[in-house]
Amino acid sequence: MIFEGLAPDAVFRIFGAAAAVLVALYLLRVRRRRVQVPFAKLWNRVVQPSAANAWWRWLKRLFSLLLQLIVAALIALALGKPIFPAGELSSPLSGCRAADAPPSPEMRHTVLVVDTTASLGATDVPGGRLGAALDAARRVIDSREPQEHILLATASGGLSVLSPFLDDSAALLDLLVTGVRPQPRGGALAGVAPALKALLAGRAAPRVVLVTDGDAPPWPAGALGELAWEAVVVAPREARLSDGAGAVQGNLAVAAFEARPYLDDPLTYELYLRVANHGPVATQVDVALASAGQGDTPEAAVDAASPFEALVLDVPAQGEVEHVLRHVEVPAERVLVRIRPREPQVYADALAADDLGLAVLPPRRRLRVQLVSPGNLYVEAALFVREQVSYEWIRPEQWQGPGSYDLTILDRFVPPGPLPAGNYLILAPPADHSPVAVDVSAGPVAAPELRRVADAHPIVWKVSFEDLNVGSMARLVPAPGDVVLAASTDGAPAMVLHQSQAGVKAVVWAFDVANSDLPLRYAFPLLLVNTLGWFYAEEATLRSGRVAGEDWALPLPVGSSGSGPPLDAIDVRSPRGGEQRAPVVEGRALVHAGEVGFWTIDPNGEAPWRVASSFRSPEESALRLADAQWPIWVPPAPRRDEMDAPAPLWSDVWRLALVAAAAILVLEWWTYQRRMTV
Amino acid sequence: MTVGDSMARKLGGPVAPGGVFGEDFLKRLEYLHLVAQKIHAGERRAERRSKKIGSGLEYADHRDYALGDDFRAIDWNVYSRSDRLLVRLFEEEEDLSVYLLVDASASMALGEGRKLRFAMQVAAALGYVALANLDRVAAATFSDGLGPHLPPTRGKGQIFKLFRYFEGTRTGGATRLEETAKAFAHRFPRRGLVVVLSDLYDEQGYEAGLNYLRYQKFDVVVVQLVDPRELDPTLRGDIRVVDAETGAVRDLTLTAPLLERYRRVHEAFCTEVEAYCRGCQMPYFRASVETPFDDLVLRMFRQGGFLR
């Protein structure tokens, strides 16, 4: 027997409590009703004291108590909702054992999982993928067998359970309509396999039915263990709307949208946009930039948006286009970008969820720089003239770490041991401690002629090394992942961008500026400004826009904890008003952000700041059918003799228990009324 | 004018609008009187015969001549036929005393006092007829002893005195017939007809009291009153019966079979009383309080024992 309601120990506790109350009531002496009679002597002739009568009367009362206890036990049992798995119960009507009985519907448990990743919002199938998924789920529920219990859940990165195991089709359909919505995130189905196994552990005839659009690959072999599973693919290749007389089906997506401040320009911002085309043909895309309206949800932001810029981009088929808008005067703190096909009658954008990008303009502040050098007037002078920069010069022997500085310039000095996490500009590092390895075996590179390598990188953007004289430079050996910004004409790296997993972000110059004429060139302050600006923008970018559905590690601004101890948690509010308390680890707030919109981060209750969260998932935006073998769900053939037959009464013991309890109550009432048990 | 008003005018007394002796009672009372007169039509008034042999005019019996007897009493016709000297005996006429003895114990007051009310109505009816016949009527209540009494009175006009007496009856106490009989005989030495109206629920037995009255030369008429509701209580289950007079308690479980047994026991008790009364040649009437009182009175008239 399986208890689907209360656990057996809870059932026993309830019965125990009820029995104790009943016995206590019976033990309490029932006060006899006093009746005045004219002549008691006559009654004495009627009733003779008899030992036999006494114990018979005691037995009659005990019989009444036993009936009450049986009723209490039956009700407690019904609360546990026990059911017999198939094969354990004989048919009381035929009197035969289950093995001999004619075939009857077996008890089974099904988890109906609806894939609600963002691609479910696509409209490239008739009625839309969401409509098709709801129809498919409805068919699964309607074909529920009499003994089948279904649990409804959605999967979009994680599993969300919408119902317990139910045998009520109407309730399941209601939950289907109200609870299934595409979510602004992707996610592999493999992540929900452990949850499915846990839900179906110990259940009779377990199985999983997955309703999916097929864009996410199914569970890898063995992920569900012994669980049987089937799928309904609502957007197979043949169902997807194809070109022909109508528009070409494709999908445009905002792949990136960021706002970056300028170090020396307090009035304008740089807006970075990347648009992807997942369709089969190139198309023109209308891009509209606007100030977001009041309200943190994307709907509110779009409804009251105020456009300030528009442009058209040509995006190739299955390709991306980057576009940087420089020195844009943005009229509001929160901005959004919307894209749509320029000719929708030619190109149909199937998924609207990825057509919106949100960003928050990063706040402006002075960059704090620490210069660790024996003395370098060139660098000091370049820093001094920058209004947005405040710097402090210390000697190498005074070095105590990057502290809370936005950037640390290490001039001809690198502390021993691994560098602490932080931002660094390292000039002519000593070979033994450089974060980028230095090959000393071949000796320094003498008189290198430098050129740009990473032409588009902001650090060396518009920097010319032509005719630059450098006495010598160390031979840097970049590690995998390092970006060479500039090199000698024979390929020796001269400027390398290095980022480590330990949180070190460093731009390393291989040469001493004093051993070159770079300080006399315009390139020198430009390089410094670019480097400073890059570090400044990088940090600002980290807070301007994020991807919905991910776990964020937001760096808290310096001074967030005020004069108190470091914060260990902060308050976070989602776009739809949900509150959560995010832990802070090593100065970063860990936020699980599942919604699209503007999030509010409030470290100390005084100066909340916002982070924009947009949907970005190349896999979901691609709307590509996964190359996979799906075990297709086949609806069971209807049983003609049991199509409309209700579930047998004896299959659900709790119903029998309640009927028996009611019958015994009637019996007890009847015997009480006839004073048989009192 | 109603019959009650008419009676009240004739008899000079008020008529209570309701109560034990209301308009309806008086109507029936007048009817009973008419019936009583009809039954004994032709008899002279105040011709209740007592059993006293005296110097009346009506022949009663013969006895042998004894020295000193009045010669005028010798029946010479008998002597001429039988040569025996026999003296004629004559009945002496005297007024009959009717005593109405009403049980006012606690058992009579149970069940809204239906038995007591019925007893008072029957007693009043009998008293009215007796007063109409110019008999002397006295009334007394009893419980554990003789209660307040109404002295013998004569004349129809005294009926309201009888009503007022009964309306002032106070109930309570246990039934003690023997003590009552002794006190009664002592209080009322003039012999006559005693009508005992009671349920006869005497813990010590009814026989001693009735016997005492018989021994004191009273003519006893027993009217046993029964309330059917006492035989069919509505309660069931565990109850504690409490004797209304003695306070004795008894725990029992009232079921349908038990109730049936009680009814049989009660019936046997009533049969015992009847058999006893018959054996002692005492007229016995058993009446349910649900029957009209005038039915009982008429039955008493027809079966005899009250009207002679």
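**The interface between chain A and chain B**

Good morning. In this structure, 22 residues of chain A are in contact with 31 residues of chain B, contact meaning heavy atoms within 4.5 Å. The model is predicted, so local features need pLDDT of at least 70 and side-chain atom pairs count only at pLDDT 80 or more, while totals for chains, interfaces and linings use all residues. Residues are numbered from 1 along each chain as its sequence is written, chains are lettered from A in the order in which they are written, and side-chain values use heavy atoms, without hydrogens and water.

Let me turn to area. The two chains bury about 2,900 Å² between them, 62% of it on carbon and sulfur atoms; buried area is the accessible area (1.4 Å probe) that two parts lose on being put together, summed over both. On the side of chain A, the residues losing the most area to chain B are R32(A), P38(A) and W43(A), together 26% of what that side buries.

Next, the strands. β2(A) pairs with strand β9 of chain B, residues 237-243, in the parallel sense over five bridges; pairing requires at least two bridges found by DSSP, and strands are DSSP runs (E, at least two residues). Within this pairing, V37(A) stands opposite D243(B).

Finally, charge. One salt bridge is counted between the chains, a side-chain nitrogen of Lys or Arg lying within 4 Å of a carboxyl oxygen of Asp or Glu. The partners are R45(A) and E272(B), at 3.8 Å from N to O. Thank you.

Technical notes. Helices (H or I, at least four residues) and strands (E, at least two) are DSSP runs, numbered from the N terminus.
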